[in-house]
Amino acid sequence: MKNLIEVQNIKKNYGKKEAVKGISFNVEEDEILGLLGPNGSGKTTTIGMLLGLLKPTSGQIFINNLKLEENRIQILEIINFISPYIELPKKLTVKQNLYVYSKLYKVQNIKERIEYLSEKLRIGELLNSITGELSSGQKNRVSLAKALVNEPKVLLLDEPTASLDPEVGDFVRTFLEDYKKEKKISILLASHNMNEVTRLCKSVLMMKNGEIIDQGKPEDLIAKHGRTNLEEVFLKLSRSKSEFN
Amino acid sequence: MSLTRIYGLFLRHFYLITRSFPRILDLIYWPSIQITLWGFISNFFATHTTYYNNAVGVILTCAILYDFLFRTSIGFNMLFLEEIWSRNFTNLFIAPMRIAEILTSLVITALIRSLIGLVPAILLTSPLFGISILDLGIFLFILFLSLYIFGITLGILVSSGLLRFGPSFENIAWSTMFLLAPFGCIYYPIETLPEIFQKIAYVLPLVYIFEEARNILINQTVNIESVYYALMWNAFYFSLSIVLFYYSFNAAKNKGTLINMGE
């Protein structure tokens, strides 16, 4: 299977502070890779580097076999991102936002694309609503529509279901599973919801203090650490200092 | 450069402006108030001083020109600040837009924003004060062009600061024009300034623009040299601002400002 994301020994220093200490990993086509770790472990920094928002101090990133440093624009055309910490312009309607981003991503057949996403994400009735007046769940689905407007091959998700009620959270997870299966895209999922990660991810990376301290399939990690679920593995790895560092 | 992407970013701001009547009113309101205020002051000076006897509309014309500069600069900054305030900054910078496309789109949008405010203000001057800024003739276009370039230049410089230092740089965005206004010799000749200030003023395009506007209106002559110096300094500062913007973008990528940009 082809690797859509290849990360080779990337480091990121902020002055003397080492935020990411030389990590390497790949994400295959049609794979969801979970990126786990406590706050400050380097997940957001890693995602920032993958999006070209942060320049690695050293190391290389390849997306779809293109080196990020030299092909930023071509790569951004096939990648997208959602996070609860960024929003779409609040004063614009949902339709206007999707139209604007369709233009920025040079989407062909914009009308059809918006209709397709509206139907899939159940936002048809929201298209003429003001984005800032939507509920968290509605905003989340609209942000997801924006993230899919360019039919990305690589999708980076930072806490995609944070602050959602269980019903909407489940809807989003099911949608992502189906969409990934249908489009064969790669997804990197940073999440603190261990049930979500167990359900969606083929394998996971555990980060702590800027390093990958363990990785593997969720069920293998559970067995390896003698725990009953991924949350317990997460807690064990987060709390242990000497064992993995 | 992609016209589609430039148009896309323009649309984002066009929708924002046209969705809100108060926003349009705000764009028109301040220039009109400014022009009306200076119109009455201008009328007073015209009847009580000898300097302005030959051209009643000098102060008013300079007020219009300064307001155009002010609106262009602030307008450009506002476009950038809107992205920060709406927490849309990251979305914009992960879209496949080249810096040149972002700047081009903002430059066009800032011009349209400024004209929305300026045109009603200019239209007010004729019935209220019997003055037409069109008296400046063909050189009106060159003066406006110079001011527009300098306003955009200041906008790009401030945006570079926002990129590099984050939202904490916002206060600087509001104060730039006020800092430069005394050196611009907007309402008075350059000889009014102390010598040291004159030296500073001569390396800014503003003094050439406003001196020339007064020269045309008072003496009915055109000093091509002033026009040339205004355009030359504009070209210099504009190029510098572009270089600085690219530098700040790269610095922001090193520092991580692009990820955490928000209120």
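## Chain A at a glance

Chain A has nine helices and 10 strands. Keep in mind that this is a predicted model. Buried residues account for 47% of the 245 residues in chain A.

As for how the chain folds back on itself, take the contacts in chain A between residues at least 6 apart in sequence: 66% of them join residues at least 24 apart.

## Two domains in chain A

Chain A splits into domain 1 (1-78 + 153-245) and domain 2 (86-151). Going by C-alpha atoms, the centres of these two domains of chain A sit 25 Å apart.

How many residues of domain 1 of chain A are in contact with domain 2 of chain A? Eight residues of domain 1 are, and they meet nine residues of domain 2. On the domain 1 side, helix α6 (residues 166-183) of chain A makes the largest contribution, with three residues. Sorted by class, that side of domain 1 has five nonpolar, one polar and two charged residues.

## Helix α3 of chain A

α3(A) is mostly covered, with 10 of its 11 residues buried. The buried set in α3(A) includes V94(A), L98(A), Y99(A), V100(A), Y101(A) and L104(A), and Q96(A), N97(A), S102(A) and K103(A) are buried as well.

What covers the buried residues of α3(A)? The cover includes α4 (110-120) and α5 (136-148) of chain A, along with α1 (3-19) of chain B. After α3(A) comes K106(A), which has a positive phi, near 50°.

## A glycine in a loop

G132(A) sits in the loop between α4 and α5 of chain A. Is G132(A) buried or partly exposed? G132(A) has 13 other C-beta atoms within 10 Å, so it counts as partly exposed.

Setting aside its neighbours within four places in sequence, G132(A) is in contact with K90(A) and K91(A). There is also L88(A) to look at: it lies 44 residues from G132(A) along the chain, yet their C-alpha atoms are separated by 8.3 Å.

## Chain B, helices throughout

Chain B has 11 helices and zero strands. Read from the N terminus, its elements run α-α-α-α-α-α-α-α-α-α-α. The radius of gyration of chain B is 19 Å, close to the 18 Å given by the globule rule for 263 residues, so chain B is as compact as a globular protein of that length.

The C-alpha trace of chain B spans about 60 × 40 × 30 Å along its principal axes. Of its 263 residues, 47% count as buried. Among contacts in chain B between residues at least 6 apart in sequence, 76% link residues at least 24 apart.

## Where the chains meet

Between the chains, 25 residues of chain A are in contact with 28 residues of chain B. Which elements give two or more residues to the chain A side? They are α1 (43-50), α2 (72-76) and α3 (94-104) of chain A. The largest share, five residues, comes from α3(A), the helix whose cover includes α1 of chain B.

## The largest nonpolar core

The largest nonpolar core holds 141 residues, and L156(A), L189(A) and L65(B) touch the most other members. Helix α3 (residues 58-85) of chain B gives the most to this core, with 16 residues. From chain A, the core draws at least three residues from each of domain 1 (1-78 + 153-245) and domain 2 (86-151).

Not counting residues up to four places away in sequence, L65(B) touches L143(B), L147(B), I209(B), F210(B) and A213(B).

How values were computed. Residues numbered from 1 in each chain as written. Chains lettered and ligands numbered in written order. Predicted model: local features only at pLDDT ≥ 70, side-chain atom pairs only at ≥ 80, totals over all residues. Contact = placed C-beta atoms within 7 Å. Helix = DSSP H or I, 4+ residues; strand = E, 2+ residues; numbered from the N terminus. Core = buried A, V, L, I, M, F, W, Y, C linked by C-beta atoms within 7 Å. Buried ≥ 20, exposed ≤ 12 C-beta atoms within 10 Å, placed from the backbone. Domains from an automatic or database assignment. Rg over C-alpha atoms; globule rule 2.2 N^0.38 Å. Nonpolar A, V, L, I, M, F, W, Y, C, P; charged D, E, K, R; others polar.
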